[in-house]
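Thanks for coming. I will walk through one structure today, starting with the sheet, then the helices and cores, and ending with a few single residues.

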Amino acid sequence: MDRMAAVFGADDGRDLTADIFTPTEIPAEPRPAIVFLHGGSWMHGGPSQFHFHSNLLASRFGFYCVNVDYRLSGEAPFPKALQDAKCSIRWVRSQAESLKIDPERVCVSGGSAGGHLSSMVSTTAGVREYEGESGHTEFGSHADLAVIYNGEF
């Protein structure tokens, strides 16, 4: 299993980054991808919240796992965090061919604020004002599946 950092987009002069977990050897068949969005009341937290899950899913099942570092409320107002999350999904789809990711099996998942953000990603497909301009706009930002933990707000 490999863990690496990646830049998935840029906005307002800031690189948008994520921690990536994937098997060392790229599978022969296209595989699902999961974008994890951390919790933290929109004010703190980071991508390490779902590292354990990502490591397990990548090493045991070959999933491609992306742990997103989205902009928090103290750095940028709504809808920037949502736009960051949508950019990360578009970026995953942009990597589909080279990394054997199935672009029709991209899941978004998160806990607490990340769960709320996951639900927003899942219910705002095609809403232009929430897409942002951070990159990969030629790919879809919709989630094919959402797994939400403690997303009550």
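Which residue in β2 is the bridge partner of D2? The partner of D2 is T22, in β2. Before going on, please keep in mind that this is a predicted model.

The D2 bridge belongs to a strand pair, so called because DSSP finds at least two bridges between the strands. β1 and β2, the latter made of residues 14–22, pair in the antiparallel sense, and 9 bridges join them. Another bridge in this pair links V7 to T17 of β2. The hairpin of β1 and β2 has 2 residues between the strands, and D12 there takes a positive phi near 50 degrees.

Now the whole sheet. It is open and has 6 strands, in the order β1-β2-β4-β3-β5-β6, with mixed pairing. At the edges are β1, residues 2–11, and β6, residues 145–149, each of which pairs on one side only. From one strand to the next, the twist averages 25 degrees.

We have seen an antiparallel pair, so called in the case of β1 and β2. What about β3 and β5, parallel or antiparallel? β3 and β5 are parallel, with 6 bridges between them. One of the partners here is S109 in β5, which bridges to F36. On to β6: β5 and β6 also run parallel, joined by 5 bridges. In that pair, G110 has I148 of β6 as its bridge partner. β5 itself is mostly covered, with 8 of its 11 residues buried.

Helix α1, residues 51–61, lies across β1, β2, β3 and β4, and runs at about 45 degrees to β2. Helix α4, residues 113–123, packs on the sheet as well, where it touches β3, β5 and β6. The direction of α4 makes about 140 degrees with that of β5.

In soluble globular proteins, nonpolar side chains tend to be buried together. Here the largest nonpolar core has 31 residues. L37, Y64, V66, Y70, W91 and V92 have the most contacts inside it. Two or more residues each come from β1, β2, β3, β4, α2, α3, β5 and α4. Which element gives the most? That is α2, with 7 residues. Apart from this core lies another one, of 8 residues, including F21, F50, A58 and C107.

Leaving out neighbours within four places in sequence, V92 is in contact with A33, V35, V66, I101 and V106.

Is Q83 buried or exposed? Q83 has 9% relative accessibility, and because the cut-off for buried is under 20%, Q83 counts as buried. The side chain of Q83 reaches the backbone oxygen of E129 at 3.1 Å. Neighbours within four places aside, the contacts of Q83 are E129, Y130, E131, G132 and S134.

R93 also has its place in helix α2. With a relative accessible area of 7%, R93 is buried. Not counting residues up to four places away in sequence, R93 touches P103, V106, F139, G140, S141, H142 and D144.

Last, the cysteines. How many disulfides does a search of the whole structure find? The search finds 0. For C87, the nearest cysteine sulfur is that of C107, 18 Å away. For C107, the nearest is that of C65, at 9.3 Å.

Conventions:
Residues numbered from 1 in each chain as written. Predicted model: local features only at pLDDT ≥ 70, side-chain atom pairs only at ≥ 80, totals over all residues. Heavy atoms only, no water. Buried < 20%, exposed > 50% of the residue type's maximum accessible area, 1.4 Å probe, protein only. Polar contact = N/O pair within 3.5 Å; in protein donor to acceptor, adjacent residues only side chain to side chain. Contact = heavy atoms within 4.5 Å. Helix = DSSP H or I, 4+ residues; strand = E, 2+ residues; numbered from the N terminus. Axes fitted to C-alpha atoms, helices over the stretch in contact; angles between N-to-C directions. Core = buried A, V, L, I, M, F, W, Y, C linked by side-chain atoms within 4.5 Å. Disulfide = S-S within 2.5 Å.
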